[in-house]
Amino acid sequence: MVVTVKNVVQTLLSSTVLAGALAGAAVAAPKAAVVIAAGPEQAEQAVAMSETLLGLGFDVTRLEAPDAAELSDALAALADQPGPTAIY
């Protein structure tokens, strides 16, 4: 079996989400994530991570080479989320 970063992160996120679900939350809170690709070299990884997080039920905002204002806006919106959040 080949171990990839995507597999490890997916396993960790799945475990975290499962642990949260088993903790007895009465209503599932929305999950949000921001995935950032600093440049073209990271775009493929950002797409893979976005797909993984989408599969786990996250609403994903993906940024590719964001400027300071775009990054600030995305992180501010994420901070306003009531449920679990992730930044990659």
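In which element is S50 found? S50 is found in helix 2 of a predicted model, in which local features need pLDDT of at least 70 and side-chain atom pairs count only at pLDDT 80 or more, whereas totals for chains, interfaces and linings use all residues. Residues are numbered from 1 along each chain as its sequence is written, and side-chain values use heavy atoms, with hydrogens and water left out.

**Overall fold**

- The protein has three helices and three strands, where helices (H or I, at least four residues) and strands (E, at least two) are DSSP runs numbered from the N terminus, and along the sequence they follow the pattern α-β-α-β-α-β.
- Of the 88 residues, 24% count as buried, a class defined as under 20% relative accessible area, with exposed meaning over 50% and partly exposed lying in between (1.4 Å probe, protein chains only).
- The accessible surface comes to about 5,700 Å², of which 61% belongs to carbon and sulfur atoms, as computed by the Shrake-Rupley method with a 1.4 Å probe.
- Among contacts (heavy atoms within 4.5 Å) between residues at least 6 apart in sequence, 73% join residues at least 24 apart.

- S50 counts as buried because its relative accessibility is 2%, and, leaving aside neighbours within four places in sequence, S50 is in contact with V35, V60 and R62.
- A polar atom of the S50 side chain lies 2.8 Å from the backbone oxygen of A46, a polar contact being a pair of N or O atoms within 3.5 Å, where, within protein, one must be able to donate a hydrogen and the other to accept it, and residues adjacent in sequence count only if both atoms are side-chain atoms.

- A38 lies in the loop between strand 1 and helix 2 and counts as exposed because its relative accessibility is 62%.
- A38 and E64 are 26 residues apart in sequence and 6.1 Å apart in space, C-alpha to C-alpha.
- D67 caps the N-terminal end of helix 3, with a side-chain oxygen 3.1 Å from the backbone nitrogen of A69.
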